[in-house]
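Dear colleague,

Please find the structure below, together with its sequence. My notes on it follow.

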Amino acid sequence: MERKLGNKIPRVPVREQDPAQRARNFEEVCLGYDLSEARREASRCLDCPKPACVAACPVSIAIPEFIRALAEGDVATAASVIARDSSLPAICGRVCPQEIQCEGSCVLGRKGEPVAIGKLERFVADTSRRESISCAGRRPLNGDRVAVVGSGPAGLACATDLAKTGYDVTIFESLHEPGGVLTYGIPEFRLPKETVVAPAIEDLKQLGVKIETNVVIGRTLTLQDLMGQEGFQAVFLGSGAGLPKFMGIPGENRNGVVSANEFLTRNNLMKAYRQDADTPIYVGRRVTVVGGGNVAMDAARTALRLGADVTVVYRRTEQELPARKEEVHHAKEEGIHFELLTNPVEVLGDERGWVRALRCQRMTLGEPDESGRRRPVAVPDDFCEIPADVVIMSLGTSPNPLIASSTEGLEVNRWGCLVADEDGATTVPGVFAGGDAVTGAATVILAMGAGRKAAAAIDAYLKGLKS
Ligand code: FAD
Ligand code: SF4
């Protein structure tokens, strides 16, 4: 196949479920490339000598190298190139914000469309899984034991690297299923659980990692227990940022107001969308979602699939929506309404204490704030009411204080995030941390990168103790 075609051929479109059909099911929206589509798209890459895409990837995947192998039809080599820097390619290929990372920097994007790097990564990962191409391998056990707290991308990545290096690793997870946000937060229609998340966890078990679910560190066992009676030489904290924030407006405690976290957990972890599920979920006829991030889009699109008419309320304009562009585009295609420059001021209820509407104030944009985005400013005396049976609050999350409050000397900053240095070392010797627990709510790839960095630091720390 001819190569380095750049913008001489258009970006190969990826197949997706039809919007009207997918708005009523939980199956994956994006159907991905087949081999000939993937090779054709790969043939666009210019194999730049100084690839801007690699510089923009948080874990520096050798993007042109894997794409070159793929263009030649060599999926096994492409998979092994990716595996050098990423342990979760099928997941990152699906949920990473490529448009502001690798693809956002691809030179082809200057005069046309960037290479579809994320879709190619996903194709390589899915194909190598289907064809049982394995990139795993581990050294013999070295006798040291490491505990990993939390089984989200940070914990999974840290455990993978430690196990490959020869450590005896046990993950402690408070929920009954491993995977963190990948399992309980991001919905099936974006990240299938059985075909994508479960195999990634199975790979970890194949490396010898043990996973103990239903163990809450800070309650069932403390950090001191892990490093004392349980006999672990080091601990990695990848406990995420799962504590939802609320607005503090009048009426927020009415029946029918829920956090996006609770709503999504009921649906994704507890499978409330299935007829046979024990866990109930209530959506009513009209749902209003407050917020504009990925979590808000996931909650809105889930409510839509459960049969509701859904409106997203966001206080800035579409340009400032923090959600991935692809998710906003998909949400609109599926029929989600957006009330922009609109800020809730009160949840209105009926005589039985249930939500009946959201009272909002119209906003305009003022000067930029510390985040660089223009600040929303209230328009005086301009209010509206949005009828709703359910209001889903999706305003961000922060780390749960349980572990820090039960561990002497473990420092947190003013946002409740664990204090850790560049390599993940916390203020307690032998205890490392990474992912959302340190940065606050961020991304899968950053959490995965932090987990891998901490694994290297734990290895150096434990070797240092022996020298
Ligand atoms: P988590 O994934 O939160 O995992 C932490 C784990 O630790 C959890 O399983 C938790 O149960 C466990 N835990 C917590 N406390 C304890 C304890 N005391 N004892 C034992 N276990 C404990 N990012 C993207 O890049 N792209 C997206 O499209 C995207 N969409 C998202 C959609 C939703 C709905 C959400 C909520 C987040 C989304 N994110 C997305 C963000 C991304 O998922 C997170 O940044 C990432 O999962 C953080 O990984 P983590 O390992 O640090 O934490
Ligand atoms: Fe290929 Fe774009 Fe990366 Fe250049 S910047 S190597 S064209 S993906």
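How many bridges join strand E9 to E15? There are 4 bridges between E9 (residues 286-290) and E15, and these strands run parallel. Two strands pair if DSSP finds at least two bridges between them; helices (H or I, at least four residues) and strands (E, at least two) are DSSP runs, numbered from the N terminus.

This is a predicted model, in which local features need pLDDT of at least 70 and side-chain atom pairs count only at pLDDT 80 or more, while totals for chains, interfaces and linings use all residues. Residues are numbered from 1 along each chain as its sequence is written, and chains are lettered from A and ligands numbered from 1 in the order in which they are written.

Strand E8 (residues 257-259) is also parallel to E15, joined to it by 3 bridges. Val391 in E15 stands opposite Val257 and opposite Thr288.

Helix H4 (residues 63-71) is largely enclosed by the rest of the structure, because 8 of its 9 residues are buried. Among them are Ile63, Phe66 and Leu70. After H4 comes Gly73, with a positive phi near 85°.

Gly416 belongs to the loop between helix H16 (402-405) and strand E17 (431-433). Gly416 is partly exposed, with 16 other C-beta atoms within 10 Å.

Yours sincerely

Conventions
Buried ≥ 20, exposed ≤ 12 C-beta atoms within 10 Å, placed from the backbone.
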